[in-house]
Amino acid sequence: MNQITADVAAAIKEVRAKVPLIHNITNYVTVNDCANAVLAIGASPIMADDISEAADITAISCALVINMGTLNQRTIASMIVSGKKANESGIPVIFDPVGAGASKLRNDTTKALLDQVEIAILRGNASEISFIAGLEASTKGVDAADIDSKNDTVKIAKEVAKKHKCIVAITGAVDVISDGEKIVKIKNGHPMLSKVTGTGCMTSALVGSFAGAIKDYFIAAVGGVASMGIAGDIAYEKAGSIGTGSFHIAIIDALSNVNTQIMEERAKLYEE
Amino acid sequence: MNQITADVAAAIKEVRAKVPLIHNITNYVTVNDCANAVLAIGASPIMADDISEAADITAISCALVINMGTLNQRTIASMIVSGKKANESGIPVIFDPVGAGASKLRNDTTKALLDQVEIAILRGNASEISFIAGLEASTKGVDAADIDSKNDTVKIAKEVAKKHKCIVAITGAVDVISDGEKIVKIKNGHPMLSKVTGTGCMTSALVGSFAGAIKDYFIAAVGGVASMGIAGDIAYEKAGSIGTGSFHIAIIDALSNVNTQIMEERAKLYEE
Amino acid sequence: MNQITADVAAAIKEVRAKVPLIHNITNYVTVNDCANAVLAIGASPIMADDISEAADITAISCALVINMGTLNQRTIASMIVSGKKANESGIPVIFDPVGAGASKLRNDTTKALLDQVEIAILRGNASEISFIAGLEASTKGVDAADIDSKNDTVKIAKEVAKKHKCIVAITGAVDVISDGEKIVKIKNGHPMLSKVTGTGCMTSALVGSFAGAIKDYFIAAVGGVASMGIAGDIAYEKAGSIGTGSFHIAIIDALSNVNTQIMEERAKLYEE
């Protein structure tokens, strides 16, 4: 077992011990799964997106997860206000730029958030993070595009992490996590994860759950992404042959069972 | 079998026979589960929260369930308008003050609803109902805080019921239902219910389903809360060892099977 | 095997080969199921309802599904704008008039959409389509009312299809699809489908998935409706005796497995 695996295996214990409150400003498509994923991993979710209370809720939370899935003018304002409050209060902000590159509104919102809010961890697929890198990106929906092979995700992750002074997690067939210098690749997960909506959103919510419990956001990013990958592995073994509905439920089952031992045995983490 | 159990067992039959239409102004986190819980218990859900139609929908419904989970300025106005329409029309209003105590917006909205709308049944956890009682309450997210043991939930339930002239249902490890004089305690349910988001919201929707079918709102409150508790018991037996995803599905399965016989055999209701 | 079955069996292969992007402006009750149904049948969902991006998202999509489930002033404007963009761009619009007849807002929105947007496929239950036909309709919630037997759904489907120059799909115990001349009846499905919220919404999303992949919208409507019916048949066989939660999951499982062979063996399509 390498050091990063030991660190992540210790981190999951911290999440379950501390039960951090995680404020999610997220989309209405996958919000139920995000809340259940946060509960399954041992944290406590709170969803609140009205500007009259967004900052108040952030202030009592341990992490803020901003997900751009079904953004609108009302919730964009709340994202900014909560993001600033989190920065003031030393609460980590996790940003999931869902569909960045797909519309001017998403592009403008991505830029506004990166300009006005200090992001601790940025999690997206290769298409979304490539957009942020200023590289050419074609977004087809919000699925993990299989462009990892075509672009150099390691290079993109490093660049974006350096530029925005944050941890970057690019998820795909192989997940890549970077702080601008270090790289960890995660080889858990199964292609069937792309056949269930919200596995990306849930991953960001899991990353938030870890970041709400431990101070090392690099380990938090690896922990959240690895948890979803391991859950995908286990769910595929249990329900992959049945169909995507049962696979979906098995993901939540697996997340609720992830512990130090499972993390140590299952995580496929490679430092580069 | 005591009288309250006989009454509740008869009530479930009424719900399934009458298929009452239940108007829910609720949150986007747990709304799908609420709709499926209402269908599972034998009622018919309708969700509508725009002020241009909220009162029209209330007027054709048998009960109105107001859930404050992801409130915003737009839906708060609809809650008030629909609540007043329900009062005018003799339709019972069930109020679930999700997260009361956690932000000024939630506190103000709770007060506005209690001031402007006659509530038939108030259902919340001990933290939320304690806030309403004017007692000190610390809300950590929207989970059932385990403060039942620290506060006297029986006393709080009675006080709030008297003050607001309504039935109060405080759910937790032991559920407490009061009309200000009578007390029924319900000892069904399992701690795993707190690991699935929306079990509280679903309970309120179930209470609404009963209140849409029978005129005795005390029995309606006991019936809705007991249904969820029994579903939790059965779901834990079936799926507790698998994980929280399967447990979640098993709750809906169990609700769809609850009938007079199951209520008689399973309900653990104690009059004090 | 009749011709229509052969056509539909070929169409499902097209959907899975082309993975069309389907833009859904829909409701927050059933949106997660809609996204998962679209993924299960082999298409790719995108949900976006803010007027600042709605037309941009429509422009990159292969079909637009407008679902009126939890409409509000903000999303109604987006529905109109996206509908017009789809018309300009030759992208088919599927309209699901959820709850038409139940409130002035829904009636006005239905009329506005039919006046301002060319609809390719209109899918609703007998109550909703009867409202559009100008016939008397009583809407009780948004469930498939069992009024198919009382009204002549074939006559209504033909009339509405002619009047609005579109394909009409009326779903119920027996589904009726018409282009104004032809009629196909579909005898798949099970009454338990009405005990899970969103099976109608999912059907519209499936119709959109087919319409995004093939140009013959009559076949697309039959394909989408038949897919849900077959999934209902299979789900009932697998999980009908367990409860509505497991049945719900089994629907998604079955959709994810539907292929040419299953369509050929299971579809009960009758041309009149």
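Two residues are in contact if their C-beta atoms, placed from the backbone, lie within 7 Å. In chain A, 75% of the contacts with a separation of 6 or more join residues 24 or more positions apart. This is a predicted model, in which local features need pLDDT of at least 70 and side-chain atom pairs count only at pLDDT 80 or more, while totals for chains, interfaces and linings use all residues. Residues are numbered from 1 along each chain as its sequence is written, and chains are lettered from A and ligands numbered from 1 in the order in which they are written.

**View 1. The fold of chain A.** Chain A holds 11 helices and nine strands. Helices (H or I, at least four residues) and strands (E, at least two) are DSSP runs, numbered from the N terminus. The radius of gyration of chain A is 17 Å, close to the 19 Å that the globule rule gives for 272 residues, so chain A is as compact as a globular protein of that length. That radius is taken over C-alpha atoms, and the rule is 2.2 Å times the number of residues to the power 0.38. The C-alpha trace spans about 45 × 40 × 35 Å along its principal axes. Of the 272 residues in chain A, 68% are buried. A residue is buried if 20 or more other C-beta atoms lie within 10 Å of its own, exposed if 12 or fewer, and partly exposed in between, with C-beta atoms placed from the backbone.

**View 2. Helix H8 of chain A.** H8(A) covers residues 199–211. Its 13 residues should span 18 Å at 1.5 Å a residue, and the end C-alpha atoms are 18 Å apart, which agrees. The expected span is 1.5 Å times one less than the number of residues. In H8(A), 13 of the 13 residues are buried, so this helix is largely enclosed by the rest of the structure.

**View 3. Helix H5 of chain C.** Leu105(C), Arg106(C), Thr109(C), Thr110(C) and Leu113(C) are buried in H5(C). They cover an arc of only 130 degrees around the axis, which puts them on the same side of H5(C). The arc is that of the directions from the helix axis to the C-beta atoms. An α-helix has 3.6 residues a turn, so residues three or four places apart point the same way. Lys104(C) and Asp115(C) are exposed, on the face of H5(C) turned away from its buried side. Cover for the buried residues includes strand E3 (63–67), helix H4 (73–89), strand E4 (93–96) and helix H6 (126–132) of chain C.

**View 4. Where chain B meets chain C.** The contact takes 28 residues from chain B and 27 residues from chain C. On the side of chain B that touches chain C, H10(B) gives the most, with eight residues.
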